[in-house]
Amino acid sequence: MSLEVAVKAAVGAPDVLGDCPFSQRVLLTLEEKKVPYQRHLINLSEKPQWFLQVNPEGKVPVVKFDGKWVSDSDVIVGILEEKYPQPSLITPSEFTSVGSNIFSKFVTFLKSKDSNDGSEQALLTELKALEEHLKAHGPFVAGEKVSAVDLSLAPKLYHLDVALDHFKKWSVPAELTNVINYKKLLFVRESFEKTKAEKKYIIAGWEPKVNP
């Protein structure tokens, strides 16, 4: 029995996987746990009727567990860990919040039109904190093995790379060697290759938010 999972379709290409980092996190978890699944691509600007019937909020990702559609990637990943405990992706509790502010700081900096508003510095502070953590505990957040926190960070760091390069010609500073190595380790994983959106769709997804 394969699980049904509904994720975002690409902007302007409803048959292609879209740029939602939370959708990718769920797909990454399914791939890493080798759980068979059936993927539904949802065009968010024209949501299909069946999707709105089972999920009136219209949010993605959603996964069908025991006949019930469940939303919120945190909740979904928790259920997957419970139902499919092998391989374990549990992150030790003291590491679960590592890197948790990077995405919000990235979004603020990406949208910023004022180079003196401190948003770049705020992002750098978070990336430097991740650097220090990885230096002490790496190569992944919880050591040698990939865990849930890495699968949450991987899509967000990919968005950071693609969007900041495109819109601001900005990249992670070369001296943050552990962060750069960490991204490489995540991005070359087979699960990541299979579930990532094409760069052009990530750019298309951010365009209206950067230049409203």
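Predicted model: local features only at pLDDT ≥ 70, side-chain atom pairs only at ≥ 80, totals over all residues.

Biologist: Into which domains is the protein divided?

Modeller: Domain bounds come from an automatic or database domain assignment. The division gives domain 1 (3–83) and domain 2 (93–210).

Biologist: How large is the area buried between domain 1 and domain 2?

Modeller: Start with contact, meaning heavy atoms within 4.5 Å. In domain 1, 18 residues are in contact with 20 residues of domain 2. Buried area is the accessible area (1.4 Å probe) that two parts lose on being put together, summed over both. Carbon and sulfur atoms give 65% of this area, which is about 1,700 Å².

Biologist: Which element gives the largest share of the lining of the largest pocket?

Modeller: A pocket is an open set of points on a 1 Å grid over the protein atoms alone, where a 1.4 Å probe fits, with protein on both sides within 12 Å along at least five of seven lines; lining residues have an atom within 4 Å of a point. Helices here are DSSP runs (H or I, at least four residues), as are strands (E, at least two), numbered from the N terminus. Two or more lining residues come from each of helix H1 (21–32), helix H3 (73–83) and helix H6 (148–168). The largest share, six residues, comes from H6.

Biologist: What is the volume of the largest pocket?

Modeller: Grid points are joined across faces, edges and corners, and a volume is the space filled by probe spheres set on the points. For the largest pocket that gives about 400 Å³.

Biologist: Which of its lining residues are closest to the centre of the largest pocket?

Modeller: The lining draws at least three residues from each of domain 1 and domain 2. There are 21 lining residues, and the closest to the centre are Arg25, Asp74, Ala148, Val149 and Ser152.

Biologist: Which strands give two or more residues to the lining of the second largest pocket?

Modeller: The second largest pocket has a volume of about 190 Å³. Its lining includes Met1, Ser2, Phe65 and Tyr84. The strands that give two or more residues are E1 (3–10) and E4 (62–65).

Technical notes
Residues numbered from 1 in each chain as written. Heavy atoms only, no water.
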